[in-house]
Amino acid sequence: MASESSFDIVNKVDQQEVDNAVNQAAKEISQRFDFKNVDASIKLTGETIDMQANTEERVNAVLDVLKDKLVKRQISLKGLDAEDPKLSGKIYKLTATINAGITQENAKKLSKLIRDEGPKGAKAQIQGDELRISSKSRDDLQAVQALIKGQDLDFAVQFVNYR
């Protein structure tokens, strides 16, 4: 009897890469001519990224610089959740967070998709903020990966622990 093979579907973000992207964005903002004398800044505070500038357009430009740096570091923008700029005194502030993990709701959607459209031998099991896919056939697992890659999901996914 063949043993079961499995892999996990996760949504992980390399926090070091996020930190590097924020630092690169801060450096670019301090050096660019169009950010001179607009009180533009960006900093990472725990799980949130705080941006500020003296106009709404400039703070949105800071967000664009951050997005550019995140993409260059292979961090999906699907996980970036940015609020609308808010006026605080004379400064516009914008807060963004990078979401990691698959929510229960999204895990249930993926599980249903695999049950409905995936190979019959593949089983999906929700484990916290991950989804474990198992099957006796490795071909079924590869078919599930192809199915998920072909979907237009509103969150980023990675495949790990393939065994």
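Predicted model: local features only at pLDDT ≥ 70, side-chain atom pairs only at ≥ 80, totals over all residues.
Colleague: How are H1 and H2 oriented to each other: roughly parallel, roughly perpendicular or oblique?
Modeller: H1 covers residues 15-31 and H2 covers residues 56-72. Their axes lie 9 Å apart and meet at an angle of about 135°. Roughly perpendicular ends at 115 degrees and roughly antiparallel begins over 145. H1 and H2 are therefore oblique.

Colleague: Which residues of H2 make the contact with H1?
Modeller: H1 passes H2 in a right-handed crossing. On the H1 side, the contact is made by Val18, Ala21, Val22, Gln24, Ala25, Glu28 and Ile29. On the H2 side, the residues are Val62, Val65, Leu66, Lys69 and Leu70.

Colleague: Which element gives the most residues to the largest nonpolar core?
Modeller: This core has 23 residues, and Phe35, Ile42, Ile49, Met51, Leu66 and Leu70 touch the most other members. H1, strand E3 (48-53), H2 and strand E6 (91-98) are the elements that give two or more residues to the core. The element that gives the most, with 7 residues, is H2.

Colleague: Which residues does phenylalanine 35 touch, not counting residues up to four places away in sequence?
Modeller: Phe35 is among the core members that touch the most others. With residues up to four places away in sequence left out, phenylalanine 35 touches Ile29, Ala40, Arg58, Ala61, Val62 and Val65.

Colleague: Is isoleucine 49 buried or exposed?
Modeller: Isoleucine 49 lies in strand E3. Beyond four places in sequence, isoleucine 49 touches residues including Val18, Val22, Leu66, Leu94 and Ile98. The relative accessible area of isoleucine 49 is 1%, and the cut-off for buried is under 20%. Isoleucine 49 is therefore buried.

Colleague: Is asparagine 20 buried, exposed or partly exposed?
Modeller: Asparagine 20 lies in helix H1, and its C-alpha is 8.5 Å from that of arginine 73, which is 53 residues away in sequence. The relative accessibility of asparagine 20 is 23%. Buried means under 20% and exposed means over 50%. Asparagine 20 therefore counts as partly exposed.

Colleague: Which residues of H4 make the contact with H3?
Modeller: H3 passes H4 in a right-handed crossing. H3 brings Leu110, Leu113, Ile114 and Glu117 to the contact. By class, the contact has 6 nonpolar residues, no polar and 1 charged. The residues from H4 are Val144, Leu147 and Ile148.

Colleague: Is glutamine 145 buried or exposed?
Modeller: Glutamine 145 lies in helix H4. Not counting residues up to four places away in sequence, glutamine 145 touches Phe7, Phe159 and Tyr162. The relative accessible area of glutamine 145 is 15%, and the limit for buried is under 20%. Glutamine 145 is therefore buried.

Key
Residues numbered from 1 in each chain as written. Heavy atoms only, no water. Axes fitted to C-alpha atoms, helices over the stretch in contact; angles between N-to-C directions. Helix = DSSP H or I, 4+ residues; strand = E, 2+ residues; numbered from the N terminus. Parallel < 35°, antiparallel > 145°, perpendicular 65-115°, else oblique. Left-handed = near helix turned anticlockwise from the far one by under 90°. Contact = heavy atoms within 4.5 Å. Core = buried A, V, L, I, M, F, W, Y, C linked by side-chain atoms within 4.5 Å. Buried < 20%, exposed > 50% of the residue type's maximum accessible area, 1.4 Å probe, protein only. Nonpolar A, V, L, I, M, F, W, Y, C, P; charged D, E, K, R; others polar.
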